[in-house]
Amino acid sequence: MGGKVRLLFKYWLLCCLSLGFVLLTLGTSSSVQAQEEDVDEFMLEEVVVTAEKREAELQKIPMDIAVVRPDDMEILNIHQVEDIDKLMPDMSITNFASGMLTISIRDVETQYWNPTSEATVAVHLDGVQLTRSTGLEGKLYDLERVETLKGPQGTLYGRGATAGSMNIISKKPDIGEFGGNISVEYGSYNRRRLEGALNIPATEKLAFRLSGNSLTRDGYDDANLGNQDMWGVRAQMRWEPTDTQSLVIAVDRDRTDNKGGYSTGVYLDTFGDVEIVRNPALDIIDPTDPNYIREEMRPYLQGGPVMARFEDDWFISDAALDQFNRNNSWGIKATYDKEFDFAWLTVEYGYRTMREHKSFVMNGTPGLQPLGAYLQSMQMPDATYNPETGRYAVADEDSDWPYQYFTMNQPYGSLTPMDGYSIMNSYGYAGTTPVTQLIVAPSTYDSVRVTLDYTWSRMYQGEARLASNATVADGDKYEWLAGTMYMHDYVYERARIFENVDNQVLLREYAVFGQASWAPFANINFTGGYRYTWDTKTFYGNMTSDDHGYGNPADWWERYPMDQTEEVFGLTEAKWNFSTYKANISWQATDDIMPYIQYSKGVKTGNVDRTGHFIEPETLDSYEIGLRSRLFNGKLQVNATAYRYDYNNYNEWHTVYGCKYGQNPDSLGTCLNASGASSPITNADYTRNIYTVLNVGAAKQEGANINAVWMATASDSFTLNGSWSTNRRKGFDVANAMRAYAESMGFIADSADQPQYDSDTRNNERFGSRAVKGYVGYTRTMWFGKDLLTFNTMGFYQGKGRDQIMRQGRDDEFLMPGSPDYWTFDASISYTSSWGMPEGTQANLRVYANNVFDRDHLSSRNYSDYMTFNGVRVFDPGNGTVSGSYIDPRTIGIVFGVNF
């Protein structure tokens, strides 16, 4: 019965939404200052922000600022940080796995989600920085707005604001007014959400506000990977003892428990003259044969491309659900404001702490192998763990390892391991090359846990500032702001199994800052800002990744954690003092038109890797020109920006290694094992093998974006938002950066000899996301007495992905086309009514659909021609394999809410 109801609801909803598309495509909501009785006086609403740490109208600030308000988020069903980028084409938020987010603005990337690494986008909750990338979820509820400032914002926001700053601003208690709201949602994939808020006035000078939310959802795929479970609560007090003073104290707590990682299914294809043929193992019909293909896997091994969108159950084991990310965080924020005759004094204190437990599982995903490939097994010396004694027995790591192989005709695990050795399976190939026929083959291992990670962080910060009562926006000749701050940010990470990490990193930061504006004549405004920062970063700990801790000799992948002793820990410290600044000239040509130009400098404080190696800070010089305008009596708003970045000391994370048994002469930069073969390779074949951060060069980035909102009538509004970017690497020299790092660590970097790291190869290389992105939208509102019907539809465009360089640095280098461009559409219909409700109460019913037509586009497409056996490439130039990831599927849902 439930299935029939859902089916009827889906088709009814799609019919309604299709009708909306006939009216006009695409859209986002714009607030209307119009009532039914005075529709001739409509105009776009003025938006007030605190982007420059004082209240000001958005259109009066000469800066590229994007504001997302609760109505916008409701229309698009945005209740998680990872979805905000839908409304900002030049922002990208990536969920690596189970809530680990990285945020980039204008293609300035963070690159690495590790809890001890530095971000390029500063995220704040009511002014308190959220310094861990995995502690961002569970906070998007009961909000005033989300402000995103683009470009370097270090002058006012300090640490981590190289690419920009995002401030999540919650609703504050309203003194003298009782009210609140509650909403419930049910949607596709068993999505359930409950959200509510209650404002309680205690006296004429004191009020409290309580709010919270809960969100759960199953995974999009048939194995239920990536399911979500999160909740958050917030309590606030606002006290105004006099007309010139206020104190706001907020306490919040949230928890996420996301499981199963994330998968969009399997996409496998080929390019050039290579084809996927039927796997011969399908001819085996005896289920007792060790090479028998399971029934659920057979449809995917018949030959031809595999396009298993959100289909994982055919190969995923139950062990995949052992992946999880459990995050518990809470914080407190106190803000005191005092008005003097000449200025406002603001004193803020914030404290946040987070505990996180992560489990990473590597899933044994089917892949492409040459027709004729066979399964081989290898014994290798190892350290085994006795869980009863808690001790490790380390085998004699003799260079003459006893290798043994067996073919695909024998079952897994048939080789009896020797004491102190474990078994690893892999595919071998002894046929002719070039290879033109491939088969889809099962993985050589099951889903296995490879990392257990525990993180604990504690951050507190204090800031005091004075801001002049005079403001240029109100017609004064000048305005100014000055302040000082301190931050103490401590994080401890303990990771086990694949890596053995014990890292403690403490950042102590002091800063003084100021900004002033002067408008001496002709409505021209000169603004300058400056910040000086003292950073001290201390590291204590170590990392090993040397194949110790493997516990089951019959299965190389089954491992136990291995603790480290403090005897191997190191203590290092680095200090950096640096300036960030900005200069801006704007011209208030009319009350509604303001062009501007701006220069700003951003600095990202130095990173540290997991061994205590520090790297110098990144710097970014930004040149920007922009326009903010309101036209046709406030009915059309057009804001546009163009920018150029000079990015220096570019940080990239790379694996730097040295080969214990020499390099493969036929494939420079790849190591040989103890038997002289190029496969398989384990950490025992390296002198050192470290994933670290390097200063590799510079980059030039250019781009532009436009945002336009038009209120055609009191009932119809249109939106256009688009961005374009182009990014090229300059002066890149990864190879020498690797060599310099390895020399400081006492080994030779054989990894630097890989052709793709040739300095001439990566200069002018394009990078970043799709060059063109944007959305368009349409909103229709219709009044029925005091009731309101709203229809909204939006179309999102993702431009063509950047071309991929193949065989980089070789004479036969060539390009493959990037991911194709595509459109998706969202839509919603809502009805708001006060009929039968107490005075001041409204009920709202909304239905929505995201990716209305359930398009199965690829969010990414990756080419590879690097398949080797015994150091020999098996493909001719121009041939290889293709893999990819799909965009999210269609989701539909219904939301009911009451405001009182």
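**Reading charge pairs, a disulfide and surface patches**

Guide: The term stands for a side-chain nitrogen of Lys or Arg within 4 Å of a carboxyl oxygen of Asp or Glu. This is a predicted model, in which local features need pLDDT of at least 70 and side-chain atom pairs count only at pLDDT 80 or more, while totals for chains, interfaces and linings use all residues. Residues are numbered from 1 along each chain as its sequence is written, and side-chain values use heavy atoms, with hydrogens and water left out.

Visitor: Is Glu-147 buried or exposed?

Guide: Buried means under 20% relative accessible area, exposed over 50%, and partly exposed in between (1.4 Å probe, protein chains only). Glu-147 has a relative accessible area of 0% and is therefore buried, and Arg-145, at 12%, counts as buried too.

Visitor: How many salt bridges does the structure hold?

Guide: Side chains of opposite charge can pair when their charged atoms come close. The structure holds 50 salt bridges, and one of them joins the side chains of Asp-252 and Arg-352 at 2.9 Å, N to O. Asp-252 lies in strand 14 (residues 245-259) and Arg-352 in strand 19 (residues 343-362), so that pair links distant parts of the chain, 100 residues apart; here helices (H or I, at least four residues) and strands (E, at least two) are DSSP runs, numbered from the N terminus. Both Asp-252 and Arg-352 are buried. Elsewhere, Lys-53, Lys-333, Glu-348, Glu-463 and Arg-465 are linked in a network of salt bridges.

Visitor: Which residues does a disulfide join?

Guide: A disulfide is a pair of cysteine sulfur atoms within 2.5 Å, and by this rule the count comes to one. Cys-659 is joined to Cys-671, with S to S at 1.9 Å. The torsion about their S-S bond is about -75°, so the disulfide is left-handed. Both Cys-659 and Cys-671 are buried.

Visitor: Which residues form a nonpolar patch on the surface?

Guide: Patches are made of residues with over 30% relative accessible area and no salt bridge, where like charges are joined within 9 Å and nonpolar side chains (Val, Leu, Ile, Met, Phe, Trp, Tyr) within 5 Å. In this structure Ile-182, Val-184, Tyr-186, Leu-194, Leu-845, Ile-894 and Phe-896 form the nonpolar patch. Its largest share, three residues, comes from strand 10. Leu-194 has its place in strand 11 (residues 191-201) and, at 43% relative accessibility, counts as partly exposed.

Conventions
Accessible areas come from the Shrake-Rupley method with a 1.4 Å probe; for residues, only the protein chains shown count as cover.
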